[in-house]
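My plan was to look up a few things in turn and write each one down.

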Amino acid sequence: MLKLLLSRLATAVPSIVGVVVVTFMLTRLLPGDPAAYFAGLAASPQAIAEIRTKLGLDKSLPEQFVAYLVDLAQGNLGNSLSTGQPVVTEIATRLPASAELTLLALILAVGIAIPLGVLAAVKQGTWIDHLCRIATTAGVSLPVFFTGLLFAYVFYYLLQWAPAPSGRLDVFLSPPTPITGFYLIDSALTGNMEVFWGALRQLALPAISMAIFSLAPLARMTRGSMLSVLGSDFIRTARASGLAPGTVVFTYAFRNAVLPVITVLGMVFSFLLGANVLVETVFAWPGIGLYAVNALITSDYAPVQGFVLTMAVLYIALNLAIDLLYGLVDPRVRLDS
Amino acid sequence: MTAVPALAVEDLSVEFRTRSGTVKVLDHVGFSVDKGETVALVGESGSGKSVTAFAVMGILDPAGRVTSGRALFGGADLLALSEHDLAEQRGRELSMIFQNPRTALNPIRKVGQQIADVLVRHGGATRPDAPRAAVEMLKRVRIPDPERRVEAYPFELSGGMCQRIMIAIALACRPALLIADEPTTGLDVTTQAVIMDLIGELAHESGMATIFITHDLALAAEYCDRIVVMHAGHIVEAAPARELFAHPRHPYSAKLLAATPGETVSLAELASIPGGLPDLRRPDLPACRYSDRCERRLDDCARPLPHRVIGERHTVSCWNPL
Amino acid sequence: MNLLRHARYVLSENPVTGLAFGLFAMFLIAAIFGPLIAPYSPLQSNAAMALKAPSAAHWFGTDQLGRDIFSRVLVATRLDLSIAFASVILAFMLGALSGVAAGYFGGWTDRVVGRLADTIMAFPLFVLAMGIVAALGNEVINIVIATAIINFPLYARVARAEANVRREAGFVEAARLSGNGEARVLLGHVLPNIMPIMMVQMSLTMGYAILNAAGLSFIGLGVRPPAPEWGIMVAEGANFIQSGEWWIALFPGAALMLAVFCFNLLGDGLRDIIDPRQRT
């Protein structure tokens, strides 16, 4: 397992290098004068020149790249123009909000998609199979920002079941003592049930919107791989040995079928991290997605760059975790590496 | 005739529904296996040998359907049992081993656990005892270093080893009947012989009845007491192995025999059988499904297939036998 | 002929694909004739008619400036589909050419293309698209480029795999032996043979491209008001959801959803017709 970890870490290195190079290039691609962009719209020529020197844009590209690497190594992503705060701090304080939302959405998506896919495969051709097929095709077709808005309209405006789509917690409640930064976990740990329910109510609609969007590839893959595993030779052996149906479906079929599903998790995370930006915009969720969108509107580039880099690094880390999970489930990968 | 049949299959018909029509895969098939006896089901691929076994085991593909017949086993009709009751019998009273042992084992479960699963399921061992019982089973199928091998995954073992594991799984609960479906396909020749000897010995030890499915007539003759020849979902001839080898009566058996390399036949004499199996989706299937390929065909052959007893335990379904 | 019979079989097996073709025709008509059919000008504001619920005169209601939403949704079809289509074509050209070259030549061509695709895939795709549009500038053309770039690896991988399989195929060998240059073999013999599979890939990614482009304009990238575009119209409508004016966001959102749904079904259907092996 350690060998697997090391070999996977080694494959992540070129990805990280690529990501760093691309984010560096993105700032240099800025049309016109990057310094003017960084200085903001109302800057004087003098201010722009100052910024240029300050950002090192008067140096050659390789020099700039080295400076960028040095900054990165020191954890410096520049400062936000609109708040004047270091981007790293702002992203770090907002990350838990995004992470809590995204993880809850993932748990929901996995919790619905996998049983649905398994049932659809086991009961192939029945109504549950059709339901699965409709849900998967419709799910990927739903623009996540649109579902979010519809939910807000129906559950907040019409039914008034859900709180106003604005932020992580009702203004009358104060956030729990930060331990993990996740409101649900922190409030549960401190035994503050009022805040727990408040936070859950705020989380419900954005998390469900994201879950519906990312559910489709999981359910589809679960159904497909379950079907192919159920038709395989070793399932026939298991049945011919008289093993109980539960053992056949779960211990034998499902554990094999889950392997391709784990591979699809990478794509699901790509979906979720992108959907996160849109859902945060709809629900005024104070995470890094909304932070980036606000920065985009004001042409504040450093936060956008920091955001893209953070998301990419997170995504690489998640893919690494997926690889290791795969190794845990599949001995062929674990022992062959 | 004091032999008691362990399994008696009577009048078994199976259909497969496909997109291009219904395929009559088995048509009124009947044969029996006595306790301690080894019977071979022989025929080309597509003749219905495996389907017969799957139908008896109740593990037919969902597209397949038994349309008539009985399979009497230990006083009960296997085909009439509920899925639940049948699952109780499978693995305990009747077992099956398959071709391609490497794919027939769960790739991500330790082989010891796979043996233990069957033992625990059928009360052959309790969970805590199961690992030791699994090691015992590996010893019975003569796997060297069994304590280490129970911890192995199938991909770490050779094809021959995997087939021994399959045998260990099948025989874990000492069944009364074993169906071996081409158990040596895909193994090299020396391993083939070892596996066949192993099955034979274990069957002999426990007085188990064995159905051996193969397309290799020579192998069948070497290891089996009786041979049942199948063609396109019909049983065309059934006879003691030696008698069939000496005097095949059905034209198809004779051709099959001529196509088998053996001591008495030189390679030059090896004949291939002309034509292929008929399309079983045809609505106008002839009564004798071999008649289109048969050189001894008569006008009589259009009449319903006869079931002629022509010797002790020797039957043939032909109007014009040799 | 055979393909036609197979197509008919697939359609009869799966009537939903027929529905998808119908929807596709509807969107095509809206895209081509939208501005001609629209009952009102999509840009003409009318303060007196602001925020009116759907009625006989305004089927989809009016927005905060009194513009007719039905007309705007209809006219937006062309822009939304053009962005998606252009990006898919661009992704196809980039991906197919580099992928085929990578699969055919192998060696360093393969490594460069592979590394490029891997680097793009190392990003969450929508996030990368955001970064690209932000860097290149807030223009429609940059949405097309960004969407093409994030779709590029898919095409490159499929093309690479297919070209790799066909490199040793008989007809390629024959073309080479009859004195064709490598470029000719590649473009004239390998590329046409992987076209059916690439077509399936294109229709499968079309829905995603529409979704991606609309997502970008929803957060204010690319398309700028007052241009009618589904994503931006939903964004405008979002401000009125909490006060109950549902129609402003609903109709453009529904159009968007229907378009994506249509292309996803179409992609699945096309795959069943062209490449039945991949059916799940």
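I began with contacts inside chain A. Two residues are in contact if their C-beta atoms, placed from the backbone, lie within 7 Å. I kept the contacts in chain A between residues at least 6 apart in sequence, and 69% of them join residues at least 24 apart.

Before going on, I noted that this is a predicted model, in which local features need pLDDT of at least 70, side-chain atom pairs count only at pLDDT 80 or more, and totals for chains, interfaces and linings use all residues. Residues are numbered from 1 along each chain as its sequence is written, while chains are lettered from A and ligands numbered from 1 in the order in which they are written.

**Chain A, overall**

I looked up the secondary structure next. Helices (H or I, at least four residues) and strands (E, at least two) are DSSP runs, numbered from the N terminus. Chain A has 14 helices and zero strands. I then checked its extent: the C-alpha trace spans about 85 × 55 × 40 Å along its principal axes.

How much of chain A is buried? A residue counts as buried if 20 or more other C-beta atoms lie within 10 Å of its own, exposed if 12 or fewer, and partly exposed in between, with C-beta atoms placed from the backbone. Of the 337 residues in chain A, 45% are buried.

**Two helices of chain A**

I turned to helix α5 (residues 87–122) and helix α9 (residues 193–230) of chain A. Their axes come within 6 Å and cross at roughly 35°. Such axes are lines fitted to C-alpha atoms, for helices over the stretch in contact, and angles run from 0 to 180 degrees between N-to-C directions. The crossing of α5(A) with α9(A) is right-handed. A crossing is right-handed if the near helix is turned clockwise from the far one by less than a right angle, and left-handed if anticlockwise.

I sorted the residues of this contact by class. Ala, Val, Leu, Ile, Met, Phe, Trp, Tyr, Cys and Pro count as nonpolar, Asp, Glu, Lys and Arg as charged, and the others, Gly among them, as polar. The contact of α5(A) with α9(A) has 25 nonpolar, three polar and one charged.

**Domains of chain A**

Domain bounds here come from an automatic or database domain assignment. In chain A, that assignment gives domain 1 (1–82 + 298–337) and domain 2 (95–166 + 202–285). Their centres, taken over C-alpha atoms, are 31 Å apart. Nine residues of domain 1 of chain A touch 10 residues of domain 2 of chain A. The domain 1 side of chain A divides into seven nonpolar, one polar and one charged.

**Domains of chain B**

Nine residues of domain 1 of chain B and seven residues of domain 2 of chain B make the contact. The domain 1 side of chain B has seven nonpolar, two polar and no charged residues.

I also checked helix α1 (residues 49–57) of chain B. Nine of its nine residues are buried, B:Phe54 and B:Met57 among them. Just after α1(B), B:Gly58 takes a positive phi of about 75°.

**Between the chains**

Which pair of touching chains has the most contacts? Of the two pairs that touch, chains A and C have the most. There, 39 residues of chain C meet 41 residues of chain A. On the chain C side, α5(C) gives the largest share, 10 residues. That side holds 27 nonpolar, 11 polar and one charged.

For chains A and B, the contact takes 19 residues from chain A and 24 residues from chain B. The largest share of the chain A side, six residues, comes from α10(A). By class, this side of chain A has seven nonpolar, six polar and six charged residues.

No contact joins chain B and chain C. Their closest C-alpha atoms lie 11 Å apart.

**Confidence**

I finished with the scores. The predictor gives the complex an ipTM of 0.88 and a pTM of 0.84. pLDDT is the predictor's confidence in each residue, from 0 to 100. Chain C averages 83, and 95% of its residues score at least 70. Within chain C, helix α1 (residues 2–13) is lowest, at a mean of 68, and α5(C) is highest, at 90.
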